[in-house]
Amino acid sequence: MQEKLEALFETLNSVLPGKVSYGTRVGLEDDPNYIIYQELTNRTIVYADDKSIVKIATFQVSLITEKKDVSLEERLESSLYFMGYEYELLSEFINEDGSVNRVYEIKQEVF
């Protein structure tokens, strides 16, 4: 699983270098635009001989921007697409301070 997380980090970091964090906003307090990603689930879908053979890992990627930034959104989505990630946009909402959150979900098979 570590290699999947590292590959996802590299993809996200290519979009916003130095502004990507796993799980929390640690170290990003002064940046108006940043990405937070995390693993939500890792469920087995195929068993053989009482052992887990195939799992589905679900990752959440949140793009937080100071204001609506269509070009950054397109850069993130293009980067995910070209690196082979199938993603879904789950939601977009505006925070009390006017910043915008876009939440993506990525599912991947883990063997």
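Helices (H or I, at least four residues) and strands (E, at least two) are DSSP runs, numbered from the N terminus. The model is predicted, so local features need pLDDT of at least 70 and side-chain atom pairs count only at pLDDT 80 or more, while totals for chains, interfaces and linings use all residues. Residues are numbered from 1 along each chain as its sequence is written, and side-chain values use heavy atoms, with hydrogens and water left out.

Start with the overall fold. The protein has two helices and five strands. Along the sequence they run α-β-β-β-α-β-β. The C-alpha atoms fill a box of roughly 55 × 25 × 25 Å, taken along the principal axes. Contact means heavy atoms within 4.5 Å. Among contacts between residues at least 6 apart in sequence, 52% join residues at least 24 apart.

Accessible areas come from the Shrake-Rupley method with a 1.4 Å probe; for residues, only the protein chains shown count as cover. The protein exposes about 6,900 Å², and carbon and sulfur atoms supply 49% of that area. Buried means under 20% relative accessible area, exposed means over 50%, and partly exposed lies in between (1.4 Å probe, protein chains only). Of the 111 residues, 35% count as buried.

Next comes the core. A nonpolar core is a set of buried Ala, Val, Leu, Ile, Met, Phe, Trp, Tyr and Cys residues joined through side-chain atoms within 4.5 Å. In soluble globular proteins, nonpolar side chains tend to be buried together. The largest nonpolar core here holds 19 residues, and L8, L12, I35, V61 and L76 touch the most other members. Helix α1 (2–15), β2, β3 (51–65), α2 (70–82) and β5 (100–110) each supply at least two residues of this core. Take L76 as an example. Not counting residues up to four places away in sequence, L76 touches L12, V15, I35, L63 and Y104.

Turn to R102 in strand β5. R102 counts as buried because its relative accessible area is 9%. Leaving aside neighbours within four places in sequence, R102 is in contact with V61, S62, L63, K68, E73, E77, L89, S91 and E92. A polar contact is a pair of N or O atoms within 3.5 Å; within protein, one must be able to donate a hydrogen and the other to accept it, and residues adjacent in sequence count only if both atoms are side-chain atoms. The R102 side chain makes another with the side chain of Y104 (3.0 Å).

The charged pairs build on this. Side chains of opposite charge can pair when their charged atoms come close. A salt bridge is a side-chain nitrogen of Lys or Arg within 4 Å of a carboxyl oxygen of Asp or Glu. The structure holds five salt bridges. In one of them, E92 pairs with K68, the closest N and O atoms being 2.6 Å apart. This pair links distant parts of the chain: E92 sits in strand β4 (residues 87–94), K68 in the loop between β3 and α2, 24 residues apart. E92 is partly exposed, at 38% relative accessibility. K68 is partly exposed too, at 43%.

E73 and R102 also meet in a salt bridge (3.6 Å, N to O). E73 lies in helix α2 and R102 in strand β5, so the pair ties together parts that are 29 residues apart in sequence. Both E73 and R102 are buried. E92 and R102 form a salt bridge as well (2.6 Å, N to O). That pair joins strand β4 to strand β5, ten residues apart. Salt bridges that share partners join K68, E73, E77, E92 and R102 into one network.

Finish at the loop between β2 and β3, which holds D49 and D50. D49 is exposed because its relative accessible area is 75%. D50 is exposed as well, with a relative accessible area of 78%. Most residues other than glycine have a negative phi, and most peptide bonds are trans. Here phi is positive in D49, near 50°, and in D50, near 60°. D49 and D31 are 18 residues apart in sequence and 49 Å apart in space, C-alpha to C-alpha.
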